[in-house]
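Here is a short report on one protein chain. Keep the structure open while you read.

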Amino acid sequence: MAACFRYMVNDVDAAIDFYTKHLGFKLEMHPAPPFAEISRGDMHLYLTQPGRPGAGGGANMASGEQQTPGGWNRIHLVVEGLDEMVPRLKSAGCRFRNEIIQGTGGKQILLEDPSGNLVELFEVNSPAYRAPGSGSKAGRA
């Protein structure tokens with residue numbers, strides 16, 4: 001089963017362009033201006049412009065509170081060549097919240113989409129890293 005996520009975005013077309021042009025996503029559908037579905041492997045990302053008529057998942061709450069983009073939750077993409085990728089993205093006008101840092105299993109950086117939603121770009125560079133979905137195999141023959 002595919003993993004599905006929803007990101008609130010200010011401009012669906014700008015988000016489609018960003019994810020397909022810079023991060024290798026594929027447009028699955030764009031049936032209405034406030035919504036599109038894009039994918040990368042088994043991950044599907046629903047791009048929703050909040051507060052517009054027909055916004056569905058982006059509709060205002062019963063209290064009147066409007067959903068907004070941004071925050072610290074993020075999708076995590078495993079990439080190769082992070083040291084070369086970051087300058088290329090910066091020269092294309094992409095924004096980052098930090099610089100590359102070294103973690104336990106690899107190095108990472110936080111990329112912002114056009115609405116301020118985060119994408120963690122992660123490059124494996126340690127034998128301590130376990131691939132997503134690998135779980136703990138300890139004790140199995």
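## Aromatic pairs

Phe25 is buried, at 6% relative accessibility. The model is predicted. Tyr19 is buried too, with a relative accessible area of 0%. The ring centres of Tyr19 and Phe25 lie 5.3 Å apart, with the planes at 80 degrees, so this pair is edge-to-face. Ring pairs join Phe18, Tyr19 and Phe25 into a cluster. The count of aromatic pairs comes to three.

Phe35 and Tyr46 also pair. Their geometry is tilted, at 5.9 Å centre to centre and 45 degrees between the planes. Phe35 belongs to strand β3 (residues 35-40) and Tyr46 to strand β4, so the pair ties together parts that are eleven residues apart in sequence. Phe35 counts as buried at 16% relative accessibility. Tyr46 counts as partly exposed at 22%.

## Helix α1

Helix α1 covers residues 12-23, twelve residues in total. From first C-alpha to last it reaches 16 Å, close to the 16 Å expected at 1.5 Å a residue. Its buried residues are Val12, Ala15, Ile16, Phe18, Tyr19, His22 and Leu23.

At the start of α1, Asp11 places a side-chain oxygen within 3.0 Å of the backbone nitrogen of Asp13. Just after the helix, Gly24 has a positive phi of about 75 degrees.

## Leu89 and its contacts

Leu89 sits in helix α2 (residues 82-91). Leu89 is buried, with a relative accessible area of 0%. Which residues does Leu89 contact, leaving aside its neighbours within four places in sequence? They are His22, Cys94, Phe96, Leu111 and Leu121.

His22 is one of the buried residues of α1. The C-alpha atoms of Leu89 and His22 are separated by 7.3 Å, although the two residues are 67 apart along the chain.

## Cysteines

How many disulfides does a search of the whole structure find? The search finds zero. A disulfide is a covalent bond between the sulfur atoms of two cysteines. Cys94 is buried, at 11% relative accessibility. Cys4 is partly exposed, with a relative accessible area of 42%.

Gln49 lies in the loop between β4 (43-48) and β5 (74-78). Is Gln49 buried or exposed? Gln49 is buried, because its relative accessible area is 17% and the cut-off for buried is under 20%. Its side chain reaches the backbone oxygen of Asn10 at 3.2 Å.

Arg97 has its charged end over the ring of Trp72, 4.4 Å from the ring centre.

Key
Residues are numbered from 1 along each chain as its sequence is written. This is a predicted model: local features need pLDDT of at least 70, side-chain atom pairs count only at pLDDT 80 or more; totals for chains, interfaces and linings use all residues. Side-chain values use heavy atoms; hydrogens and water are left out. Helices (H or I, at least four residues) and strands (E, at least two) are DSSP runs, numbered from the N terminus. Buried means under 20% relative accessible area, exposed over 50%, partly exposed in between (1.4 Å probe, protein chains only). A polar contact is a pair of N or O atoms within 3.5 Å; within protein, one must be able to donate a hydrogen and the other to accept it, and residues adjacent in sequence count only if both atoms are side-chain atoms. The expected span of a helix is 1.5 Å times one less than its number of residues. A disulfide is a pair of cysteine sulfur atoms within 2.5 Å. Contact means heavy atoms within 4.5 Å. Rings of Phe, Tyr and Trp (its six-membered ring) pair if their centres lie within 6.5 Å; planes under 30 degrees apart count as stacked, over 60 as edge-to-face and the rest as tilted. A charge sits over a ring if NZ of Lys or CZ of Arg is within 6 Å of the ring centre and within 35 degrees of the ring normal.
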